[in-house]
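We will walk through a few of its parts together, one stop at a time.

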Amino acid sequence: MILVTGGTGFLGAYIIKELIEKGYKVRAIRRSAKLPAFISEEILNKAEWVEGDVLDVLSLQDAMQGVEKVIHSAAIVSFLKKERKQLYQVNVEGTANVVNMALESNVKKLVHISSVAALGRTAEGGHVNEEKKWVESKVNTHYAKSKYKAELEVWRGISEGLDAVILNPSTILGYGDWNTGSCAIFKNIFKGFKWFTPGINGFVDVEDVAKITVMMMESDISEQRFIVNGDTWPFKKLQETIADHFGKKRPVKEATPFLLGIAWRMEKWKSIFTGKKPLLTRESARVAVSKTWFENEKLLKTFPGFSFTPLDETIRKACEKYLSRAR
């Protein structure tokens with residue numbers, strides 16, 4: 001029995017799909033009755049769904065009964081100040097609870113889904129590998145800080161005898177709910193978004209991350225971290241490729257740091273009056289202009305038979321599915 005936290009999330013749902021297709025018995029924690037629509041019901045119904053929350057220690061304790069391994073993918077991704085308290089609670093306290101219960105339940109292995117954000121960014125950008133040490137920087141978002149602190153809880157668990165490995169995916173792309181998270185970029189381009197940002201970032205196919213997660217779970221690798229990154233592209237190239245596969249006009253206006261500064265302030269005021277979440281914040285604007293290359297050599301050397309899906313193929317497949325849903 002494998003327990004998956006965050007099973008209704010974008011990556012979590014694909015991890016469940018990968019596990020089910022490989023013949024594993026899966027137990028998944030959910031906070032609501034609604035299951036993700038981007039994975040077939042036939043697959044999701046083969047998992048044992050239990051009501052719970054990573055902040056509810058008793059529900060975690062019950063969920064881990066009879067579980068051999070745990071994949072912890074539950075997390076909040078937010079750049080909003082009003083969600084900051086919840087961000088740290090779920091990402092840090094929630095991870096501490098998972099680690100503690102895994103130790104108490106004698107779980108054989110924990111795979112922790114972190115983020116490249118936990119490695120930290122610097123204003124000057126540059127290349128990042130697994131050896132990078134966290135350095136405080138104004139470019140680091142509170143999301144990044146929360147994931148860094150969550151990793152400290154996993155390392156603490158390892159020091160207490162927990163068999164665990166940490167995965168640091170870059171921005172995950174694929175077919176999901178295009179109203180939330182990284183999938184929203186597909187909806188924005190489909191709706192005719194005209195702006196592109198000058199930054200450079202890492203991107204990876206959601207199905208690749210799910211496969212790597214299960215491969216790590218099956219391996220005897222422990223006490224290590226791995227960057228999971230397929231391709232490093234400029235945001236402009238990413239947006240143009242999505243537009244091309246949708247048959248839409250490419251974004252033609254560059255959102256310079258100055259313009260982004262105006263935009264996030266306007267979005268902040270608009271959200272005050274409308275009550276809607278801003279499309280851009282100060283933190284997300286900084287990420288949009290940073291230029292960082294995430295290296296994946298360690299992972300590819302560890303699993304020489306694995307190869308990442310080319311980003312253009314990831315985008316093509318996702319756009320085809322989004323188009324079929326939009327019709």
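**Cysteines, a helix, a cavity and a loop**

At 2% relative accessibility, Cys183 counts as buried, since buried means under 20% relative accessible area, exposed over 50% and partly exposed in between, with a 1.4 Å probe and protein chains only. Cys319 is buried as well, with a relative accessible area of 0%. With a disulfide taken as a pair of cysteine sulfur atoms within 2.5 Å, the count comes to 0 disulfides.

A word on the source: this is a predicted model, in which local features need pLDDT of at least 70, side-chain atom pairs count only at pLDDT 80 or more, and totals for chains, interfaces and linings use all residues. Residues are numbered from 1 along each chain as its sequence is written, and side-chain values use heavy atoms, with hydrogens and water left out.

Now let us visit helix α1, residues 10-21. Helices here are DSSP runs (H or I, at least four residues), as are strands (E, at least two), numbered from the N terminus. After α1 comes Gly23, which has a positive phi near 90 degrees.

Tyr14 leads us on to the largest cavity, where it is one of the lining residues. A cavity is a set of points on a 1 Å grid over the protein atoms alone where a 1.4 Å probe fits but cannot get out, and lining residues have an atom within 4 Å of a point. Grid points are joined across faces, edges and corners, and a volume is the space filled by probe spheres set on the points. Searching the whole structure gives 1 cavity of 30 Å³ or more, and the largest has a volume of about 80 Å³. The elements giving two or more residues to its lining are α7 (206-218) and α12 (311-326), and α12 gives the most, with 4 residues.

Our last stop is Asn229, in the loop between β11 (225-228) and β12 (231-234). Asn229 is buried, at a relative accessible area of 2%. Leaving out residues up to four places away in sequence, its contacts (heavy atoms within 4.5 Å) include Ser170, Gly202 and Phe308. Asn229 also lies 8.1 Å from Thr171, C-alpha to C-alpha, though the two are 58 residues apart in sequence.

Terms used
1 Å grid on protein atoms, 1.4 Å probe; cavity = no way out; pocket = protein on both sides within 12 Å on 5 of 7 lines; lining within 4 Å. Expected span 1.5 Å × (residues − 1).
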